Amino acid sequence: MKNIEISKNKEDKILSDGVNKLTVSYSPHLHTNQSAAKIMWSVFLSLIPAGIAGIFIFGSKALWIISLGIISAIATEGLLQYLNKKKITLNDGSAALTGLLLSYNLPANSPWWLVIIGSFVAVAIGKQIFGGLGQNIFNPALVGRVFLMTCWPKYMTSFMKPLNAGFNVFGSVNYDAITAATPLMIVKEGEALSGLSYWDLFLGRHAGCVGEVCILALLIGALFLLLKKYISWHIPIIYIATVGVFSWIFGQKGLFSGNFLFSILSGGLILGAFFMATDYVTSPLTRKGQVIFAAGCGVLTSVIRLWGGYPEGVSYAILMMNAATPIIDRYTKNRIFGK
Amino acid sequence: MKLERKEFIKGIIKENPTFVLALGLCPTLAVSTAMSNGLGMGIAATFVLLGSNIFISLIKNIVPDRIRIPCYIVVIATFVTITELFMKAYSPALNRALGIYVPLIVVNCMVLGRAEAYASKSSVKNSIMDALGMGLGFTLALLLISGIREILGLGTFFGYKIIKSYEPMFIFALPSGALLVIGLLMSLFGLLKNKKT
């Protein structure tokens, strides 16, 4: 009798020691050193070169638009979470990123209230109304942009001409015009592009939105994200390739007469493909789904560009495919192991 | 009396035909571009609802069950025709603005829905109160939606300009703006309803 009691005590002692020595927990046991906040801030960081390029091309007005966009997006998120008595999650950087992406999608000469209303709509209607980060169906920044585009097309389609100060060493300098058409608008009007080389398009020496013009800076950021494995190559590369091939096949002068390089380098395609179509929340989860999603984005973008009413279709294409994401996810579900 | 008041009040918030029952959304989306249209549509629908509720409540015991829907439609169509002719005679501008949506009140699911779900089972007095309450709820909802859309989308209030330098938010004048406003208001109503219970 006594013996048993002793052994029981011993067992208890071993158990209590064991609790201190070993931590028993449920799976998953492998953790990556990642969090939503870390990824958001990395994307934010990777977009900074494009912002600097934008400021270089359009001057201090671009800096003003970008800071206004970020501040108003953060203010909206904080205010709404405070009013809803929710946990205030400004640290995760998603509001700041939304504001940054929205301002990159605006012309540098937009009025201040346009930026603030856009940020408010992006965060409030694009995200918070669905329940915050991770619940939104559509890319918030694009919701804001499309809202502004529908409300005030006048301001959203009058683009500032690049400043040309120091940056333009090759082309001729023309200080007269303040606003100018984007390359895609010129082509849509059926006019020929004069004095604009691929190099100009690549470096961003043409009219356009703040953050979309300098392809070089965007690619630097995209490369950073790819190397860090925050995004995979599937969505952006397939998206861009689809647009290029589609535009090449259905050229203006008959089949297979389109301009592959021009369609890729102009408009907001690079910004959209690398930074907005790859949004974790609003794009499909599986590889197969991502391929369908990217191809769909590409086809829709080209269709809008070639036959639609607008010169550029990246934002509409991504939003439409966002809407299709749940159904893509449903049909591309991975087989459950063992079933 | 108390019960009748309850029948009247319920249509405004608790069973608001637009935001809670989600009835008659098609004309709501289409005519809510301006407040005058919204008010006109609301009054027209209220009149039809009142007439059809009274008559259907009166004939509820005579009509055989099998053919009740055609009978209801005939009653409703009669009142819609009265409304349309009246509108054409006294307010042709409103009639032009509302267009096809006046004759379409015949198939408005709010009117038929109240006839089927309420008037065919209740007394005349209660049916009158129900029709008035539902009609008022519908009119108020239309006024709210068209008010938001007109003020934001056109910068006017019943056709009068409020702020001179206002840049209209064009999206609210478009059908997409109507869907947006109705969706947001529905979620607001849902929030208020959940908070109460």
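Mentor: Start with H4(A), which is mostly covered: eleven of its eleven residues are buried. Keep in mind that this is a predicted model.

Trainee: Which residues of H4(A) are the buried ones?

Mentor: They are Ser94(A), Ala95(A), Ala96(A), Leu97(A), Thr98(A), Gly99(A), Leu100(A), Leu101(A), Leu102(A), Ser103(A) and Tyr104(A).

Trainee: And what do the buried residues of H4(A) pack against?

Mentor: Their partners are helices of chain A: helix H2 (36–58), H3, helix H5 (112–124), helix H6 (140–151) and helix H13 (269–276).

Trainee: You mentioned H5 and H6. At roughly what angle do the axes of H5(A) and H6(A) cross?

Mentor: Roughly 130 degrees, and the axes come within 7 Å. H5(A) and H6(A) are therefore oblique to each other. The crossing of H5(A) past H6(A) is right-handed.

Trainee: Which residues in H5(A) and H6(A) meet?

Mentor: From H5(A), Leu114(A), Gly118(A), Ser119(A), Val121(A), Ala122(A) and Val123(A). From H6(A), they meet Pro140(A), Ala141(A), Val143(A), Gly144(A), Arg145(A), Phe147(A) and Leu148(A). By class, the contact of H5(A) with H6(A) has nine nonpolar, three polar and one charged residues.

Trainee: Zooming out, how many helices and strands does chain A have?

Mentor: Chain A has 15 helices and two strands. Of its 339 residues, 44% count as buried. Taking the contacts in chain A between residues at least 6 apart in sequence, 71% join residues at least 24 apart.

Trainee: Does Lys85(A) count as buried or exposed?

Mentor: Lys85(A) counts as exposed because it has 7 C-beta neighbours inside 10 Å, and the cut-off for exposed is 12 or fewer.

Trainee: What about Phe256(A), where does that one lie?

Mentor: Phe256(A) is in the loop between helix H11 (234–249) and helix H12 (260–265) of chain A. Phe256(A) also has a positive phi, about 55 degrees, although it is not a glycine.

Trainee: Why does Phe256(A) count as exposed?

Mentor: Because it has 9 C-beta neighbours inside 10 Å.

Trainee: On to the other chain. How many residues does the contact take from chain A and from chain B?

Mentor: Five residues from chain A and seven residues from chain B. On the side of chain A that touches chain B, the residues divide into four nonpolar, one polar and no charged.

Trainee: What ipTM and pTM does the predictor give the complex?

Mentor: An ipTM of 0.82 and a pTM of 0.84. Chain B averages a pLDDT of 89, and 98% of the residues score at least 70.

Trainee: One last residue. Where is Ser187(B) found?

Mentor: Ser187(B) is in helix H8 (residues 175–196) of chain B. With 12 C-beta neighbours inside 10 Å, Ser187(B) counts as exposed, because the cut-off is 12 or fewer.

Trainee: And how many residues apart in sequence are Ser187(B) and Ile145(B)?

Mentor: They are 42 residues apart in sequence and 14 Å apart in space, C-alpha to C-alpha.

How values were computed: Residues numbered from 1 in each chain as written. Chains lettered and ligands numbered in written order. Predicted model: local features only at pLDDT ≥ 70, side-chain atom pairs only at ≥ 80, totals over all residues. Helix = DSSP H or I, 4+ residues; strand = E, 2+ residues; numbered from the N terminus. Buried ≥ 20, exposed ≤ 12 C-beta atoms within 10 Å, placed from the backbone. Contact = placed C-beta atoms within 7 Å. Nonpolar A, V, L, I, M, F, W, Y, C, P; charged D, E, K, R; others polar. pLDDT = per-residue confidence, 0-100. Axes fitted to C-alpha atoms, helices over the stretch in contact; angles between N-to-C directions. Parallel < 35°, antiparallel > 145°, perpendicular 65-115°, else oblique. Left-handed = near helix turned anticlockwise from the far one by under 90°.
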